[in-house]
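Please look through the sequence and the model first.

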Amino acid sequence: MSSSEQAIFANGCFWGTEHMFRKHFGNKGLLDAKVGYIGGSAEDPSYKQVCTGQTGHAEALKVTFDPSKVSFAELVEFHYRMHDPTQVDGQGPDRGTQYRSGIFTTSPEQAEIAKKVTAEVKEAHFKDQTIATVIQPAGKWWDAEDYHQQCEFTSHAVHDSAPRIS
């Protein structure tokens, strides 16, 4: 049996993030994906609470992956390809700290890899710009409500969550 790891990314609305990770890595090492909230102070926050911007949480995606099929570095690089990491506290029309760009690491090794890939992305694509993506230890994760899970694959999606590829 192969081992698994988890990675947590925030890059705007979590519906689009989940959709793109499932679409791209569905048969390439992605074992599971859950949308939820991370990086805030409220206990067990609701979507409505997070949307106020007052809880400090980011909408995020937690992926479980098989590192023998896809590396954490590949996931980080993909994270950067699907949004504009120079935008502070938002993506496209979605504004607020809950839409910030972040990589929430689950180990010191992930933190090191995230910093290395971020530096490579900056050098290659954003040389004269500041990367707003925060890299920090994961902390407490809260799953979003059931109706948000796999939302792009149900009738619940109610707004344009197309990826913001720069």
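The points below cover aromatic rings, salt bridges and one threonine.

The model is predicted: local features need pLDDT of at least 70, side-chain atom pairs count only at pLDDT 80 or more, and totals for chains, interfaces and linings use all residues. Residues are numbered from 1 along each chain as its sequence is written, and side-chain values use heavy atoms, with hydrogens and water left out.

**Aromatic rings**

- Five aromatic pairs are counted, where rings of Phe, Tyr and Trp (its six-membered ring) pair if their centres lie within 6.5 Å, and planes under 30 degrees apart count as stacked, over 60 as edge-to-face and the rest as tilted.
- Phenylalanine 9 and phenylalanine 72 form a stacked pair, because their ring centres are 6.2 Å apart and their planes lie at 20°.
- This pair joins strand 1 (residues 5-11), which holds phenylalanine 9, to helix 3 (residues 72-81), which holds phenylalanine 72, across 63 residues; helices (H or I, at least four residues) and strands (E, at least two) are DSSP runs, numbered from the N terminus.
- Phenylalanine 9 is buried at 0% relative accessibility, and phenylalanine 72 is buried at 5%; buried means under 20% relative accessible area, exposed over 50%, and partly exposed in between (1.4 Å probe, protein chains only).
- Phenylalanine 25 and phenylalanine 78 pair edge-to-face, with 5.1 Å between centres and 85° between planes.
- Because phenylalanine 25 lies in helix 1 (residues 14-25) and phenylalanine 78 in helix 3, their pair ties together parts 53 residues apart in sequence.
- Ring pairs join Phe9, Phe21, Phe25, Phe72 and Phe78 into a cluster.

**Salt bridges**

- The whole structure contains four salt bridges, each a side-chain nitrogen of Lys or Arg within 4 Å of a carboxyl oxygen of Asp or Glu.
- One of them joins arginine 22 to glutamate 18 (2.9 Å, N to O); the two are about one helical turn apart, because they are four residues apart in helix 1.
- Arginine 22 is buried at 18% relative accessibility, and glutamate 18 is buried at 1%.
- Another links glutamate 77 and arginine 81 (3.0 Å, N to O); glutamate 77 is partly exposed at 32%, as is arginine 81 at 39%.

**Threonine 64**

- Threonine 64 belongs to strand 3 (residues 58-65) and is buried, with a relative accessible area of 17%.
- Its side chain makes a polar contact with the side chain of glutamine 6 at 3.4 Å; a polar contact is a pair of N or O atoms within 3.5 Å, where within protein one must be able to donate a hydrogen and the other to accept it, and residues adjacent in sequence count only if both atoms are side-chain atoms.
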